[in-house]
Amino acid sequence: MSAEEIARVIAESNRGIAESLAKSLQGLRLHAQPSVRLSRFTGFPRKPGDQTLTEWLEDFEAYCRQCEVRNADKASLLIDHLGGNAKEEVMCHSVETRQSCDRIKQILKDRFMGRETYQSLNAAFYSRQQMEGEGLADYSRALMKLYGRMEGIASTEEKNALASLKEGALKERLVSGARDASTRRELRRIEMSSKDKAFLSIRNEVLTLDR
């Protein structure tokens with residue numbers, strides 16, 4: 001075999017190895033863990049920080065999108081992530097019903113969708129404290145979600161008030177609700193030195209502190 005033929009064989013071999021490696025890496029990317037972690041839904045929230053059904057269903061849909069779950073598989077995936085009273089409620093229904101994701105969602109909404117009011121959410125927001133084991137990232141995100149839910153059901157007049165108070169309310173609740181006294185002092189220092197900054201900018205500084 002001539003030198004040119006040997007070189008051609010080596011080149012073709014290297015190209016085959018490269019293509020095989022590229023396919024393997026593509027497979028790894030497709031099976032990467034989704035950024036949304038889907039917890040188990042068991043029923044009505046029992047303590048601050050527990051997800052409502054609305055919040056959990058939002059995470060469920062995000063999880064399905066990231067994992068590219070087929071519509072035909074959604075019902076079984078949903079049931080697999082139920083527990084306690086929520087799963088018992090669904091399992092009382094027929095097999096046909098349990099094979100429909102939309103029907104399962106409706107069962108859960110009928111049974112576990114608590115009626116939220118502007119007043120109840122307002123009270124929940126201003127009483128929300130950082131829980132034991134809850135990082136500042138999770139706590140601040142919970143505050144933003146609570147405020148967003150208030151804005152979602154508020155009247156036009158209430159929406160205007162919420163919009164004008166939002167930045168200050170989020171900053172104050174983040175500082176006041178922190179568990180540790182030294183953390184509260186540091187958060188207050190950051191807030192006082194960043195009066196003109198938006199909440200998200202201050203949150204970025206806070207998360208740097210948390211790390």
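Guide: Let us begin with burial: a residue is buried under 20% relative accessible area, exposed over 50%, and partly exposed in between (1.4 Å probe, protein chains only). In this chain of 211 residues, 31% count as buried. The model is predicted, so local features need pLDDT of at least 70 and side-chain atom pairs count only at pLDDT 80 or more, while totals for chains, interfaces and linings use all residues. Residues are numbered from 1 along each chain as its sequence is written, and side-chain values use heavy atoms, with hydrogens and water left out.

Visitor: How many helices and strands does the chain have?

Guide: Helices (H or I, at least four residues) and strands (E, at least two) are DSSP runs, numbered from the N terminus. Here the chain has eleven helices and zero strands.

Visitor: At what angle do helices H9 and H10 pack?

Guide: Axes are lines fitted to C-alpha atoms, for helices over the stretch in contact, and angles run from 0 to 180 degrees between N-to-C directions. Under 35 degrees counts as roughly parallel, over 145 as roughly antiparallel, 65 to 115 as roughly perpendicular, and the rest as oblique. Helix H9 (residues 156–176) and helix H10 (residues 181–192) pack at about 155°, their axes being 8 Å apart. H9 and H10 are therefore roughly antiparallel to each other.

Visitor: Which residues of H9 and H10 meet?

Guide: Contact means heavy atoms within 4.5 Å. On the side of H9 are Lys171, Glu172, Leu174, Val175 and Ser176, which meet Arg184, Leu187, Arg188 and Glu191 of H10. The residues of this contact between H9 and H10 divide into three nonpolar, one polar and five charged. In that scheme, Ala, Val, Leu, Ile, Met, Phe, Trp, Tyr, Cys and Pro are nonpolar, Asp, Glu, Lys and Arg are charged, and the others, Gly among them, are polar.

Visitor: Which parts of the chain does the pair of Lys105 and Glu61 tie together?

Guide: The side chains of Lys105 and Glu61 meet in a salt bridge at 2.3 Å, N to O. Lys105 belongs to helix H6 (residues 101–112) and Glu61 to helix H2 (residues 53–67), so the pair ties together parts that are 44 residues apart in sequence. Lys105 is buried, with a relative accessible area of 15%. Glu61, Lys74 and Lys105 are linked in a network of salt bridges.

Visitor: Where does Gln130 lie, and is Gln130 buried or exposed?

Guide: Gln130 lies in the loop between helix H7 (118–127) and helix H8 (136–153). Gln130 is buried, with a relative accessible area of 11%.

Visitor: What does the side chain of Gln130 reach?

Guide: A polar contact is a pair of N or O atoms within 3.5 Å; within protein, one must be able to donate a hydrogen and the other to accept it, and residues adjacent in sequence count only if both atoms are side-chain atoms. The side chain of Gln130 reaches the backbone oxygen of Glu134 at 2.6 Å. A polar atom of that side chain of Gln130 also lies 3.1 Å from the backbone nitrogen of Arg179.

Note on methods
Salt bridge = Lys/Arg side-chain N within 4 Å of Asp/Glu carboxyl O.
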